[in-house]
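The sequence and the structure come first.

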Amino acid sequence: MRKTILAIHLILSLTLGLFVVLTCTTGSLLLIEPEVESWMHPVNHAATSGNVSPSVIKQHADSANPGFFTDRIEYPNNDPFYHVHLAQANGGKENFTVYADPGKGDTFGRVQVDRLEPFATIYQLHRYFLLTSVIGKVPAASVVGILGIALVLILVTGIYLWWPGLRKLATGFRVVLNRGKLLKNMSLHKTVGIISIPFLLVLALTGTINAFEKSIPTWVGFKAKEEIPVTALQSKTKDAAALPLDRVVEIVKETYPTSELIKIQLPPKAGQSYQIGLQEGFSASTGSNSTVYVDGSTGTILYKTNPNLAINLYNAWRKGLHFATWGGEPLKIISFFFGMTPLALMITGLFIWRIKANARKRSRNKSASSAAAAA
């Protein structure tokens with residue numbers, strides 16, 4: 001049994017190890033993308049203290065960008081500024097996002113929505129293995145999902161091979177440094193591997209789930225996301241005057257006083273509803289986990305998504321666990337380092353393989369020399 005497990009572990013590690021390492025390493029780099037981007041491309045604007053109303057922000061954005069209108073306001077998250085999305089009036093297709101000062105409401109600059117290099121390539125490598133132009137997005141994501149399954153098998157077989165038994169459990173974490181290169185690298189490989197396995201299993205399982213994110217719910221009889229009724233998207237009194245933006249926000253705050261506002265989606269057309277993104281209770285991500293649909297004319301709550309619905313919990317936690325957004329900055333740093341451990345395991349594994357190969361070569365040479373001497 002052990003020989004079979006060892007063979008599976010070695011075959012998967014040797015044939016797919018490099019691809020697994022690339023996927024894990026790029027994933028770790030994406031975890032620190034916001035911090036690196038803020039260092040490489042800082043926002044050259046000092047935020048003023050305060051918290052202006054959304055209507056002031058909208059007024060500044062609209063007046064500073066003639067021919068466009070504000071259709072979404074996002075509250076500060078990765079930086080101290082509001083993000084205001086503007087769409088072109090009269091059916092135009094151009095759109096962009098600007099910053100808004102939290103204390104004054106005046107807008108400036110443009111938010112870089114698309115990834116810049118090198119993270120654009122890092123993301124494509126991690127999510128699609130640079131195969132989208134060759135086989136398409138869905139098949140490319142499936143390839144990465146298969147790599148995730150391979151990593152799970154490598155980790156599970158690694159646990160089996162490492163397991164020293166309950167009585168000798170402590171010896172499984174011992175690093176031998178002074179008994180030769182082989183024992184040193186083998187003990188490092190086993191110790192680093194077993195410590196990192198809980199984190200890597202979570203990342204591998206959630207990464208595999210994300211690769212098949214639209215398929216898995218249908219396999220078990222779920223919809224891929226919560227269905228929003230058509231009645232929630234339209235105001236009941238389409239011809240009535242729209243409520244002021246601040247009044248809509250006030251109604252939502254009064255109705256859900258313990259929730260935090262995350263974003264405001266304004267009606268793109270007359271007669272449509274406001275969509276207010278909230279974060280309710282503990283959330284797996286820093287974004288909204290609930291959306292309130294508000295009648296733009298009467299302020300009536302038309303519908304509210306349920307963050308505790310099974311499909312919503314599934315979607316929130318598959319992302320939150322994979323991207324380490326549920327535990328703050330400390331968890332993100334821990335996940336970054338553990339995501340880099342497959343690279344360390346590959347290096348120690350190569351050292352072990354090389355040392356054993358050299359030992360076998362010396363043994364063969366010695367046997368050949370002995371045979372020649374005997375002849």
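In which helix is the place of Leu 14? Leu 14 belongs to helix H1, which comprises residues 2–31. The model under discussion is predicted.

**Surface patch and annotated spans**

Leu 14 is exposed, having a relative accessible area of 66%. Together with Leu 6 and Leu 10, Leu 14 forms a nonpolar patch on the surface, and the accessible area of the three together is about 290 Å². In general, nonpolar side chains of soluble globular proteins tend to be buried together. The UniProt record, an unreviewed entry, carries the annotation "transmembrane region" for residues 7–32, 140–163, 191–212 and 333–353. Two of these spans can be described from the model. Residues 7–32 are 96% helix and 0% strand, with end C-alpha atoms 36 Å apart. For residues 140–163 the content is 96% helix and 0% strand, and the end C-alpha atoms are 35 Å apart.

**Nonpolar cores**

The largest nonpolar core consists of 25 residues, and Val 84, Ile 264 and Ile 276 have the most contacts inside it. At least two residues of this core come from each of helix H3 (54–64), strand E1 (68–74), strand E2 (82–88), strand E3 (95–100), helix H9 (245–255), strand E5 (260–265), strand E6 (274–279) and strand E7 (290–294). The element that gives the most is H9, with four residues.

The surroundings of Ile 264 can be listed in detail. When neighbours within four places in sequence are left aside, Ile 264 is in contact with Pro 54, Asp 71, Arg 72, Ile 73, Tyr 75, Leu 245, Val 249, Gln 275 and Ile 276.

**A buried loop residue**

Ser 297 is placed in the loop between E7 and strand E8 (301–304). Is Ser 297 buried or exposed? Ser 297 counts as buried, because its relative accessibility is 15% and the cut-off for buried is under 20%. Residues up to four places away in sequence not counted, Ser 297 touches Ser 235, Thr 237, Ala 240, Ala 241, Ala 242 and Leu 243.

**Salt bridges**

Side chains of opposite charge can pair when their charged atoms come close. The whole structure contains 10 salt bridges. Three of them are tabulated here.

| Pair | N to O distance |
|---|---|
| Arg 115 and Glu 33 | 3.1 Å |
| Arg 247 and Glu 250 | 3.5 Å |
| Arg 247 and Glu 254 | 4.0 Å |

Setting aside residues up to four places away in sequence, Arg 115 touches Leu 30, Glu 33, Ala 120 and Tyr 123. Arg 115 and Glu 37 are separated by 78 residues in sequence, with their C-alpha atoms 9.4 Å apart in space.

Arg 247 takes part in a salt bridge with Glu 250 and in another with Glu 254. Arg 247 and Glu 250 are three residues apart in helix H9, and therefore about one helical turn separates them. An α-helix has 3.6 residues a turn, so residues three or four places apart point the same way. Relative accessible areas are 33% for Arg 247 and 39% for Glu 250, which makes Arg 247 partly exposed and Glu 250 partly exposed. Glu 254 is exposed, at 52%. Elsewhere, Glu 35, Glu 329 and Lys 332 are linked in a network of salt bridges.

**Helix H4 and its cover**

The loop that holds Arg 115 runs between strand E4 (107–108) and helix H4 (119–128). Within H4, the residues Phe 119, Ile 122, Leu 125, His 126, Arg 127 and Tyr 128 are buried. What covers the buried residues of H4 includes H1, H2, helix H5 (132–135), helix H6 (137–162), helix H7 (181–211) and helix H10 (310–323). Just after H4, Phe 129 adopts a positive phi of about 55°.

Conventions
Residues numbered from 1 in each chain as written. Predicted model: local features only at pLDDT ≥ 70, side-chain atom pairs only at ≥ 80, totals over all residues. Heavy atoms only, no water. Patch = residues over 30% accessible without salt bridge, like charges linked within 9 Å, V, L, I, M, F, W, Y side chains within 5 Å. Areas by Shrake-Rupley, 256 points an atom, 1.4 Å probe, with all protein chains shown as cover. Salt bridge = Lys/Arg side-chain N within 4 Å of Asp/Glu carboxyl O. Buried < 20%, exposed > 50% of the residue type's maximum accessible area, 1.4 Å probe, protein only. UniProt positions renumbered as here; feature names shortened; annotations may be inferred. Core = buried A, V, L, I, M, F, W, Y, C linked by side-chain atoms within 4.5 Å. Contact = heavy atoms within 4.5 Å.
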